[in-house]
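Hi everyone, thanks for making time this morning.

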Amino acid sequence: MSRLTSAAVIEAEEIIARYPRKKSALIPLLHLAQAQDGYVADDAMEHIAELLDITPVEVLGTCSFYEMFKREPVGKYLVNICTNISCQLMGGEELLHHAEKTLGIKSGGTTEDGMFTIEDVECIAACTEAPCMQVNYRYAGRLDEVRFDKIVSEIREGKLAIPAHGNLGDVKQHIPQERESGIKPPEQTEAPAWFVRRMSESESEVTINANK
Amino acid sequence: MPTNNYLPHLDGYVDNEGPKIVTSRFNDPNNYKISNYKASGGYQALESALDISPDAVAAEIKDAILLGRGGAGFPAGLKWGFLPDVYPRYLVVNGDESEPGTYKDRLLMEHDPHQLIEGCLITCYALGIETCFLYVRGEMALAQERLAQALNDAYAQGYIGKNIYGTDVGIDIVLHWGAGAYIVGEETALIESLEGNRGMPRLKPPFFPAVKGVYMKPTIVNNVETLSNVPWIVTNGADKYKEFGSEASPGSRMLAISGHVNRPGVYEVEQGEVTFRELFYGDNYCQGIRNDGDVKMFIPGGGSAPWFFEEQLDLPLEAKAVGAAGSMLGSGAIVVMDQTTDAVKACLRVVRFFARESCGKCTPCREGTSWEEKILQRILDGAGRPEDLDLLLDVGSQISPGDYPKAAWEAEGLEAVPFPPKQTTICPLGPSSVAPITSALRRFRPEFEAKIAAGRTTVGASS
Amino acid sequence: MTATESSAVKATTGVPFTLNGQELHAEEGELLIEACDKNGVHIPRFCYHKRMESVGMCRMCIVEVDTGRGPALQPSCMLTVTPEMKVETESEATKDAQDGVLELLLANHPLDCPVCDKGGECPLQDNAFAYGPGESRFVEEKRHFEKPIPISDLVKLDRERCILCDRCTRFASDVAGDSLIHFIDRGSSTQVNTFPDHPFASYYSGNTVQICPVGALTAAPYRFKARPWDLTGSPSTATVDSSGSRVLVQSSQDKVVRIQGVDSDAVNWGWLSDKERFIYEANVSEDRILQPMRRAVDGSLEPMRWNDALKQTSEALGKKAAAIGGARLTLEAQHVWQKVLADEFSVVSYDASLGDDVSADVVDSLPKATYDWAFNAGSVVVVVGQDLKEILPSIYLRLRGVVKDGSVELVEFNYKSGSLAKLARKSVQSRPGELAKDVKQAFTATPGERSSDLNCLVDTDKPLTVIFSRPNVAESADYLTEALQVIQSVRPDAHFLPAFRRGNTVGAQLAGLTPGVREVATEDEIIVEQVAVVGRPTAEILQEAANGEVETLLLLGADPISDFPDKALAEAALDAVNTVIAVDCFENPSVASANVILPVAMYGEVNGHFVNSEGRLSPLGARVTAPGLVRSDLEIAASLAKTAPQSNSDAQSSLETSHMLGSEPIAWDLLELSSEGARIKTPTKPIQRVKADVPTVADGLRLVIGNKLWDQGTIVENSRTLAGLCETFKVRINPADADRFGLTAGAEIVVKNAKATASVPFITDSSVAEGVLWAPANVRGFDPRSFVTFSESVCYVEVSAGEQK
Ligand SMILES: Cc1cc2nc3c(=O)[nH]c(=O)nc-3n(C[C@H](O)[C@H](O)[C@H](O)COP(=O)(O)O)c2cc1C
Ligand code: SF4
Ligand code: FES
C-alpha cells in the first residue's frame, strides 16, 4: 500500500551502509517494509528498488522466493503450525485441524476480524518440543488443544504482548560509526594491513625457531 | 528491556551431565548478556588468540579436527586452508537451521550469542577476514534479537569493530537475517541470498565458496555450532579437544532427538561414545520409547538422511560409522518413530517438505519432487495404482540415479553405497527427497501395497 | 551447422580429452558442450546459450564425465574441459539421465504443439522426438496458469509452456540490462513475470522470443501468422540503422512474417533491436502507396500510369534539378541513381544525407575501426555524441557486454549521459558549442589536472576507438569535427567508428551519392587521384531551392521536413520549387507536397548490398514480390535513364550487370575478405582542419535535439505494433536548471527564442548536462526544430514557468 516512511528510510540507509554491495540489503529492507505495513506492498517494493538501484521486478523476484514475505495483508497474528515429521509424529496435523476448527478458517486463511491467519509450515527448529507453533515467530511448544485455545484467548484478551505481524524484534543491530572498522565495496578492499604484518612477523618467528 | 518470552518458555535443552564444550554456559539463563558471558571467562579466548599469529590460530583449529556441524561434516581447518591468497575474504555464519528435526543452532544463538561471536572473531582473525556476515534464519526472532543485542554490546565494549582489544585488528560483524526458505541453508544459496538474490544454489565447481563466494570473493561458510566450538579449542588447545570423542570425530555434538521417545531434547553428546540404542533408551538420555514401544525406524541425521531401522541401533553416533552404514549424521537431528507410525504418511511428509522447498532451479528437482509428492498423496488418498510404486522409484532415480544406499537394511554382507548418492541436480536437496522413498518403500513395500489395495485413506498416522 | 562447419578444422593442440573413446583436443578454458559441438557431437540443451553465461539449470546437457575420480553426471554447459577428462555422451547413464530430464520437462508441459507458434521448430519438441520416452507416465493434473499474458506491447508470455530455462530473464538482465522480467515465486510454482504495471518495455524484447526454446514467449506481430514449415527465408541485413545486423527474413505466402537475428561473430551476435526485428510490418501497411500518383489541381492524389510518371519525372529532371535522400537504398541502387542523375541528367546537386548526420568528408578522413577491433579486451572506447542505445541499439549490446565485464574501458562525451554512464570509467557532460573544448581538455590536461578515470585516454598501450555520431542537430556539425580532430592529433593511433542513424549511409558515400571530394582507386595503388567535388550538401540545396534557384526536387525516400535540422528552411524549399518528385512508399510531411509519387519497393522486396558503419558489405535479400505496381529503385533509375534527354545509357548496362562490385566505386582490391564477409577498406585522407567558432554566451539554455529509437519515422509510423511505442514529447532539464528557473514538476514550461515559442511538458533529469534543454527529435507532440536556425552554430532558448496543470 505504501512506500517506506521517512523514519524507515533512515533505518534503511543505515542497513544499506552495512553491506559492501547495496543489493545485499534487499531482504532486510523487505522485512522493514513488512514491519511497517504487516505485508510487503507493491509500492514499498518500488521504493526499495529505488533505494537499492535495482528494478522493481528484481525486488519482487527475491521477495516472492521467501515464504515469510506476504504480498497481501494477513492477520495481525500469524499462527504457523508445524506439521513436519517430528511434529506430525506428535500430533501436528491434528493440532492444525483443531486450529482450523477453532478459528473457523482453513490453513492459509484469515479470520474475519483480521486477527489470525493460520499456516501449515515446515520445520521451525523446535522439534523436541513437538507439536509446536509460532505466533508471529514467537514459539509455543508441547501443545495440545487446551493449550492452543488458551493462547488464542490470551491473545484475544490482550494478555500476551506479541507484537503485530512483521515486527521481528525490538533490538536492532546498530554499528556506531566510530566503531565500524570499514565495510567497503569488495573492489576496494585489499588484504588487511594487520593480517599482512602479523603473518610476515610469524614467518620470521618460524625462521628464528629454525635457526635455534 | 524487551523480552521475547511472550509465549510459554520453550527450550529443548536437556542437561545430561555429559562433557560440555559448547553448552557449558547453558545453565545460566542470563548468559546471553555480555556481563554474564564475560564473568564466566568470555572473550578471553579472543584475547589470547590476538596474542599469537593468525596462522598459529588456524593451525590449532586444523589440529583439533573440528568437523563441520552443518551437515557435511567437513573439517573446518581443512576448509580454511582452501582460501586462495585473494582479498577481501568473507566469513559467513550459517545460522539458517531448517533441516527437519534439527534444533541446536537456535539454542546456541539464543543461549550463548557471545560464544558464537567470539568464535567468529577468532576465525576472522585467523584468516585475515575483516567482514563477517551472521546469517540467521528469518523465523528465529529471539535469536535475532539476542544476537543484535550481543553485537551492539560487543561493539560498544571494543570486542568488534575497530582496534579490537586495543590492537590494530579490525573486524566487523553484520547481522543478516533470512525470510523463510530451507534451501538457503545450502552454502551457495546462502551466499546468493546474502547478495539479495533468490536463494538458488550455484554449481560447485566452479563456485566453491572458498574460491568464489560472496561477491565472487573467497568466502568461508561455517555452521553456528562449528564456530561455537572455536573459543573452547583456542582456550583449551587441540589436544584437550581430541581427548573427547573418537579419533576421526573429536569433541562433542549437539543432537536433537525428537519423535516417539520419552524424553526428547537437545543433548550435547561426546562423538562416538554413545550408540543410538543408549541414546534412545539410556537414563541419561531419552529414557525409552513412549508407551514402552519399539523403534520402527529412525532418521539419524535430519530429513535428508536415509532411514535406519532396529538393525542399526548399536551403531556408534559417529560420522564414519553411520556413513558406512548408508546414511549420515548430518545436522545432528534424530527422529525416532515407533511401531505405530504409518510409513507411507511419514514418507509423504518428508517428501512433501522437499517438494515445497525446492528452489526450482533444476528440472529434476523442481518437477520430480512435486511428482513424487503427488504420487504419494494419491496413494494415501486411495487412488494409487500398483505401477505407482515402481514409478516412484523411477522418478527418484531421475533425480538421483543409480542405487540408493542399500546397506542400511541389507546390512549383512552387502557393501555400503556411500551418501550422498549420484545426482542429476545442482545441490543435494532434490536427491534428498529420494531418501525417504527408497527407505520406506524397500522396507515397508507391503504397507504401500495395502494402501493401494484398500483404495482408501487410512486416517491418523499415529497419536 | 556449427558442427559440420568446424569439424573440418579439428584441433591437434590444446587440452587433450577423450570423447566417446576418441582422443581430441579442446581449447584452453573451453566448455565441454562447445568442444563437443566442434567435434560434431551434439548434446541436447535448453538453458545453454552461446552468447550468455551458463547457468546449468535445465540439466538436459548432462553427460557422464570422469575426471579421474570415477564417472559422474555433469552438465556439459558448465564444465570446462580439463586434461585427460573422459566424456561419454552415448553411455547408458548419460542417456538415462537425459531421458529423465526430458520426461520431467514434459510432465507439466501442455500438449498444444499443433496450435503453438513454435511447433515445428521447437527444441523441446525435437528433443522429445529424438530422446524422449514414448508416452507420458504423468497422470496428475498439469500446472495451470492464466493463458498468454502480454508482458509488453510486443511480447506475450504463456507460462504453462515455459520450462524455466532462464534464457529470457538472463538476456534481459545480463545482455540488455533491462531487468524487467524475472523469476517469481519458488519451486514448482516458479514463473517468469514482470512487476505489476512495469511491462517488459525493452528495445530488445524480441530477442527473448527468438531464444525461448519453447513457445512460451511469442511476438505479437508474428503470433499465428504462419507455421514454421511454411516459412522460407533469405539471409539479409537489417537496414533501419547502420549496425548492419545480420538477419534472416522469413516469409509465408509471399508476405514477410518474421525477421530473426543471425549469429554473426563480427556483427550482432544474433541480437536485434525490436526496430530491426519488427519493421517489416510496414510492408503490408494499408497506407502503402501501390501505384504511381500525381497531385491534382485540388491537391488530392490520383493514380497515373508508370509511363506518364516516368516521362513527367524525366522532363522535370531535365530542368534545374536537385535530389535529396538515398541513404536507405541498396548500394546498387545508390550507384545507379548517382550515375543516372550525374551522367544522364547532369544533376550535380544531390545528397543522400539530410544535413543531420556526419559528413562524408569527415568520415573519410579518419582511420576506421571494426566492432571487433573496438570491443577487443584491453581497449578503450570513447563515445562522442549520442547514446548508442538510441541509434545503433544492437551494437550497443556488444559495447555493454564488454564494458560490464570490465574488459573494455568506456569514456563518453555527450550532452545527456548515455545508458552506460554508470558503467563508464567517466561520463563527461558537455554542452553545445563546448564539445571540442571539453574533449581537448580531457585529452590534453596534464596528468596532475586530469582525473585518474581519464588516464586511459592517453595510455597508448591501450588501443583506442572513438565511436562518434552527430550529438545534436540544433548545433553546427563543426564542433564534432573539431573534437574528432583533437583526438586524432593527441592519439594518432586512434581508430574511429561512425554511428550513422540511416542504414546505408556508408554505401551512399561510397557510391558518391553524398557530397565530397572523391578519390578513386586504380589497379595497383589504393588511393591515387582526386576527383572533383561532386554532390552538394542538403543545406545548400534547400537554401537554393528556397531562393527559387531550383525547379525540380527529387526525394529519394527522404523527408527533409521531418529530418532536416532547420524545419522552416525545408518547408520554404519544398514550397518554392516547381515540381517535387517523391520516390517513396508512404506519404509523409514532405511527400505531401509531391507532384508525382513513384511507389518504390521496400525492405525484403529487393536484392542488393548494404554497407554498415564499419564498411562491411553484406547482402540484402529479396524474399517477397513487391506489391501492386511498385518498382524497385534500380528499375526506376534505369527506366529514367532510358527516357533521359541525352541517354547514352551506361546505367542500362549497370542494371544488367546488376551487381556493381567490379566497377567503381568499390574496387575489388578495396575489399578485405574474412569469414564474416567482405569489408571495404576505406582509405583515409586528410580534410581541412576545422576550427569551430566559440559560441557567444547568451542567456538561457542551449538546445539539444537528440534521437530516440522510437520516433515518428515514416516506417515506424506505418508498422502497426511499433507505431504506439513512440513517446509523446517532453523536454528534459537538469534539476539544477529547473531550480534556477523556478520550474515546478508537473507544470508545462514556456520555451522561446527569436524563431518560435511553445509551451511544452518537461521532466527533470540529472543525466542532462546543466545549461542544456534536451528535446527528442521527431516524436509526437512538438517539433523542437522550430527553434533552429541553420546558420547559427548554437541554438539558445529561454525557458520560464508555464501554466500549472
Ligand atoms: C539443502 C541443504 C540445506 C542445508 N542447510 C543447512 C543449514 O540449515 N545450516 C547449516 O549450517 N548447513 C546447512 N547445509 C550445509 C551447508 O551447505 C554447508 O555445508 C555448511 O553450512 C558448512 O558449514 P560447516 O562446514 O561448519 O558444517 C545445508 C546443505 C544443503 C545441501
Ligand atoms: S536440487 Fe533442487 S533445491 Fe537444489 S539447486 Fe536444484 S532445484 Fe534447487
Ligand atoms: S543446457 Fe546445460 S544445464 Fe541446461
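I'll talk about two interfaces, one inside a chain and one between chains.

A word on the ground rules. This is a predicted model, in which local features need pLDDT of at least 70 and side-chain atom pairs count only at pLDDT 80 or more, while totals for chains, interfaces and linings use all residues. Residues are numbered from 1 along each chain as its sequence is written, chains are lettered from A and ligands numbered from 1 in the order in which they are written, and side-chain values use heavy atoms, with hydrogens and water left out.

Let's start within chain B. It is divided into domain 1 (34–241), domain 2 (252–338) and domain 3 (343–462), with bounds that come from an automatic or database domain assignment. The C-alpha centres of domain 1 and domain 3 of chain B are 35 Å apart. Their contact, meaning heavy atoms within 4.5 Å, takes eleven residues from domain 1 and eight residues from domain 3.

How much area do these two domains of chain B bury between them? About 860 Å², with 78% of it on carbon and sulfur atoms. Buried area here is the accessible area (1.4 Å probe) that two parts lose on being put together, summed over both. On the domain 1 side, B:Tyr182, B:Ile183 and B:Pro201 supply 51% of the area buried against domain 3, more than any other three residues.

For salt bridges (a side-chain nitrogen of Lys or Arg within 4 Å of a carboxyl oxygen of Asp or Glu), the count between domain 1 and domain 3 of chain B is zero.

Now over to chain C against chain B. Here 32 residues of chain C are in contact with 34 residues of chain B. Together the two chains bury about 2800 Å², 57% of it on carbon and sulfur atoms. Within chain C, the residues that lose the most area to chain B are C:Leu104, C:Arg137 and C:Arg186, together 25% of what that side buries.

What about salt bridges between chain C and chain B, and how many are there? The rule finds four. One salt bridge joins the side chains of B:Asp394 and C:Arg137, at 2.8 Å, N to O.
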